[in-house]
Amino acid sequence: MHAVTVTPAPHSPPKSAHQWAVELVGIDKRFGPVHANKDVTLRFAPASIHGLVGENGAGKSTLMSILYGFYHADSGQILVRGREVEIKGSQDAIGLGIGMVHQHFMLVETFTVLENLLLGHEGGPLLAPAVARARREVEELERTFGLEVPLDALVADLPVGVQQRVEILKALYRGADVLILDEPTAVLSPPEVEQLFRILERLRAEGRTVVLITHKLKEIMAITDHVSVLRRGAVVAEFATAATSRQELADAMVGRKANLDVEKAPPQPGPVLLAADGVNVVDARGVTTLKNACLTVRAGEIVGVAGVAGNGQSELLEVLSGMRPFASGRVTIKGTALEPGGTYDPADARRRGVAHVPEDRLKLAVVKEFPAAQSAILGYHEEKGLARKWRLDWKRVTAKTAELMERFDVRPRDPALRTSLFSGGNQQKLVMAREMERDPDILLVGQPTRGVDIGAIAFIHKQLVALRDRGKAILLVSAELDEIMALSDRILVMCDGEIVGELSAAEATEGRIGSMMAGVAETATGSVSGEEQ
Amino acid sequence: MESYFWLLSLLDSTLRLAAPLLLAALAGFYSERAGVVDIGLEGKMLMAAFAAATTAAFTGSALAGLLAAIGASLAMALLHGFACITHRGNQVVSGVALNIVAMGLTAVLGNAWFEMGGRTPNLPAAARFGEVTLPLAETLRNVPVLGSLYYELISGHNVLVYLALVLVPVTGWIAYRTRFGLRLRAVGENPAAVDTAGISVPALRYQAVLIAGLLCGIAGAYLSTAQGAGFQNNMTAGKGYLALAALILGKWKPVPTLAACLLFAAADALQTRLQGVVMPGIGEVPVQLIEALPYLLTVLLLAGFVGKAIPPKASGRPYVKER
Ligand SMILES: Nc1ncnc2c1ncn2[C@@H]1O[C@H](COP(=O)(O)OP(=O)(O)OP(=O)(O)O)[C@@H](O)[C@H]1O
Ligand SMILES: [Mg+2]
């Protein structure tokens with residue numbers, strides 16, 4: 001199925017007669033009982049963008065970490081430009097011209113961009129000459145690939161999109177010819193995704209090879225030349241992108257007919273269950289991060305909040321869930337008004353029938369080190385069925401978790417397994433299960449499908465719609481415009497701490513939301529696929 | 001004029017008292033900037049002080065004492081590294097264990113070898129680090145103000161005091177101007193970034209821990225063969241912890257750490273001068289209260305007078321390639 005025509009870009013150096021930039025042959029890897037990669041054979045053509053897709057836990061990151069020397073394969077061969085190589089560590093991989101941008105950035109936040117670029121590539125015991133040389137070379141790279149980055153800024157002060165460019169630049173500065181990107185778009189806003197893709201196209205034009213891991217099939221269709229599908233550690237399908245479709249890829253990923261669209265009846269809104277009126281939040285630095293927020297959510301509707309990360313959505317969720325006090329304004333929950341400085345907190349919120357699925361799963365929703373059964377009762381551990389006077393009834397907790405896992409299809413179904421060993425999608429399903437189990441009247445959800453595979457996304461979306469249809473009020477915050485548009489009955493757009501506009505589901509297009517998010521009335525900022533154009 | 005000389009002598013003893021603190025705090029600097037918490041400064045210093053005094057007593061050479069001190073301290077540092085880096089043990093537990101071992105071992109060995117209740121024999125001048133008179137000190141001595149400042153305060157310390165002071169800019173230079181420093185600071189903030197850059201995290205951390213061992217060795221030798229003339233039971237008396245506090249107060253930066261060490265040392269120097277002084281309205285200040293001064297100061301300052309001290313992000317956490 002591969003289009004095996006390799007035409008290196010005209011200005012790239014001639015690269016002998018080999019056909020592939022990298023070949024992985026028969027790679028096998030186990031983590032204890034988990035068979036993460038099963039006899040995987042993959043080939044990446046030079047001057048191309050190769051997509052890698054698969055469900056959570058399919059083994060994509062593991063495979064690429066093996067290529068980058070971060071893990072060791074139990075067996076198998078790696079060939080770089082036709083030559084068999086042994087990669088013992090990242091140093092070897094870097095030496096072979098392989099670079100990787102990890103799912104979680106590998107940057108030293110207290111360093112400047114330039115210092116981050118230098119790390120491991122200093123070229124001598126003293127920094128001063130290296131800094132001067134690096135500055136020259138990096139500026140050259142920036143020009144070649146259209147990667148603009150403030151070299152003397154502290155990494156901690158940069159937005160994620162720019163941090164990611166630093167990561168790409170770092171790989172290029174270290175001489176990467178093959179660049180692996182692990183879910184690079186998960187944290188980016190639509191315009192940032194656009195910028196990233198332009199950079200990747202430049203890289204391809206310069207004769208470099210890009211391997212792109214993503215859960216977003218739209219992105220695969222938009223930018224890759226070839227795509228490989230992993231399922232449960234094995235390669236199950238390979239396509240030339242031009243010869244396949246989202247549906248075909250999705251089916252290959254889950255191994256059955258996948259349902260990509262959310263089915264949803266028209267909403268039947270009831271009374272207002274949740275309202276905010278002129279709510280302001282002032283953070284520790286004295287900056288007003290949420291400005292005069294006014295909104296209502298009715299029973300039986302999903303209200304989506306769109307916006308580039310860091311524009312007040314997090315604060316909104318935190319206020320409504322009782323995690324953060326508000327400075328002024330009023331929040332009304334099921335008719336009860338709450339004033340600033342009251343006793344509203346997460347426990348109180350739960351008592352009032354407000355459940356919260358926080359944006360940051362690992363930081364706020366679960367304890368990574370706990371077994372799943374313990375993560376599955378956090379916040380509800382004082383409930384009658386679980387606690388006996390002052391101690392927990394572990395038998396019941398475990399039984400309860402097993403039941404939740406069954407109903408929400410959490411895999412593996414093992415309440416005793418450490419939370420961190422579940423894939424992101426399964427952790428998320430566990431959290432959703434915990435919060436939905438108490439049949440809340442109001443559900444606050446942040447980024448419900450960040451880093452989650454399409455199978456799990458479909459499942460989570462179905463659960464949210466079902467909850468709505470049971471007459472509950474749902475406030476959904478997501479950076480994923482597709483998700484917002486697929487689920488919401490009304491859409492609020494936030495920019496710079498303010499709710500700048502509201503659209504009905506019918507009015508909303510990616511272009512309109514995108515330009516409202518950007519805070520200007522420009523047209524069609526945030527479209528990746530160009531589907532509506 | 002009298003108060004000028006009083007002040008000079010106060011500053012003079014401040015420097016003497018600051019030197020071991022400074023050496024230990026710099027040791028902590030290397031270790032903690034690399035992400036390895038070092039509660040064991042105290043134990044390493046104590047062991048080193050004992051090794052220095054014992055060796056100097058047997059050989060009559062201060063230098064041999066110093067080398068022995070460094071050796072002993074390095075051995076403890078290696079043990080710490082083995083527990084925390086190779087086996088990813090808890091860094092605080094390992095440090096505390098080293099402190100306890102040092103306390104017990106020095107007391108037992110001292111008693112067994114010298115039978116003086118844990119003390120080592122008084123060292124003759126040759127077996128100690130003597131005072132160095134800097135060039136022209138005698139000539140300038142009688143020049144008013146500046147001359148006496150040079151003679152009293154700057155000149156006339158032992159060589160380890162000067163070494164400690166010189167190590168501050170040297171450490172700053174290493175940390176901020178060299179490849180090693182860049183990597184050292186990086187591994188304390190985000191070891192995964194260092195690992196993916198193709199640099200060995202354990203090797204870097206071992207280097208840092210060994211440098212800490214070296215500096216604690218010098219600090220220990222200072223206590224028993226420069227400041228004192230022999231070893232006494234538990235002669236560090238919490239200086240290791242105080243050095244750690246200075247490091248925190250100095251926000252893990254060399255020059256502010258020096259300032260913190262000087263502050264603690266000044267409080268200590270003042271303390272000896274305040275004993276027996278009658279305060280108006282209070283009467284004679286209890287000795288215990290005065291002796292507690294440096295520690296009270298530490299508590300007060302650390303309790304938030306100096307703003308938030310943010311430790312290296314990865315400090316205290318063993319590096320594991322896992323989720
Ligand atoms: N360091 C590790 N220790 C133990 N198990 C691991 C480790 N890394 C990955 N695994 C397991 O190996 C399997 C493959 O994981 P991997 O991270 O490669 O999946 P992925 O395809 O990248 O998933 P995602 O889309 O969630 O990023 C999973 O079952 C995971 O739990
Ligand atoms: Mg992954």
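Author: Let's start in a loop. B:Arg88 is found in the loop between helix H3 (62–86) and H4 of chain B. Helices here are DSSP runs of H or I with at least four residues, strands are runs of E with at least two, and both are numbered from the N terminus. This is a predicted model, where local features need pLDDT of at least 70, side-chain atom pairs count only at pLDDT 80 or more, and totals for chains, interfaces and linings use all residues. Residues are numbered from 1 along each chain as its sequence is written, chains are lettered from A and ligands numbered from 1 in the order in which they are written, and side-chain values use heavy atoms, with hydrogens and water left out.

Reader: What about the phi of B:Arg88?

Author: B:Arg88 has a positive phi of about 55°, although it is not a glycine. B:Arg88 is partly exposed, with a relative accessible area of 45%. Buried means under 20% relative accessible area, exposed means over 50%, and partly exposed is in between, with a 1.4 Å probe and protein chains only.

Reader: And which value does phi take at A:Asp496?

Author: Phi of A:Asp496 is near 55°, again positive in a residue other than glycine. A:Asp496 sits in the loop between strand S21 (490–495) and strand S22 (498–504) of chain A.

Reader: Which peptide bond is cis?

Author: The one from A:Arg411 to A:Pro412, with omega near -10°. A:Pro412 lies in the loop between helix H13 (394–407) and H14 of chain A.

Reader: What does A:Asn426 touch?

Author: A:Asn426 touches A:Asp409, A:Val410 and A:Arg411, leaving aside residues up to four places away in sequence. Contact means heavy atoms within 4.5 Å. A:Asn426 is in helix H14 (residues 424–437) of chain A. A:Asn426 is buried, at a relative accessible area of 10%.

Reader: Switching to rings. How many aromatic pairs are there over all chains?

Author: A search of the whole structure finds 8. B:Tyr4 and B:Phe5 form an edge-to-face pair, 5.7 Å centre to centre with 70° between the planes. Rings of Phe, Tyr and Trp (its six-membered ring) pair if their centres lie within 6.5 Å; planes under 30 degrees apart count as stacked, over 60 as edge-to-face and the rest as tilted.

Reader: How do B:Phe50 and B:Trp113 pair?

Author: Their centres are 6.0 Å apart and their planes are at 20°, so the pair is stacked. The pair links distant parts of the chain: B:Phe50 is in helix H2 (residues 41–59) and B:Trp113 is in helix H4 (residues 91–114) of chain B, 63 residues apart.

Reader: Is B:Phe50 buried or exposed?

Author: B:Phe50 is buried, with a relative accessible area of 5%. B:Trp113 is partly exposed, at 48%.

Reader: Which charges sit over rings in chain A?

Author: A:Lys29 lies over the face of A:Phe31, at 5.2 Å from the ring centre. A:Arg438 lies over the face of A:Tyr380, at 4.3 Å from the ring centre. The rule asks for NZ of Lys or CZ of Arg within 6 Å of the ring centre and within 35 degrees of the ring normal. A:Phe31 also forms one aromatic cluster with A:Phe70 and A:Tyr71.

Reader: Now holes. How many cavities of 30 Å³ or more?

Author: The count comes to 2. A cavity is a set of points, on a 1 Å grid over the protein atoms alone, where a 1.4 Å probe fits but cannot get out; lining residues have an atom within 4 Å of a point. Points are joined across faces, edges and corners, and the volume is the space filled by probe spheres set on them.

Reader: What volume does the largest cavity have?

Author: About 100 Å³. Of the 14 residues that line the largest cavity, the closest to its centre are A:Tyr68, A:Gly99, A:Met100, A:Ala171 and A:Arg174. Strand S6 (98–101) and helix H5 (160–173) of chain A each supply at least two lining residues.

Reader: And the second largest cavity? Which elements give two or more residues to its lining?

Author: H5 and helix H6 (190–205) of chain A. The second largest cavity has a volume of about 50 Å³. Its lining includes A:Gly161, A:Gln164 and A:Glu192.

Reader: Last one. What does B:Ala265 touch?

Author: B:Ala265 touches B:Thr14, B:Leu17, B:Ala18 and B:Leu21, not counting residues up to four places away in sequence. B:Ala265 is buried, with a relative accessible area of 1%.

Definitions and conventions
On a 1 Å grid over the protein atoms alone, a cavity is a set of points where a 1.4 Å probe fits but cannot get out, and a pocket is an open set with protein on both sides within 12 Å along at least five of seven lines; lining residues have an atom within 4 Å of a point.
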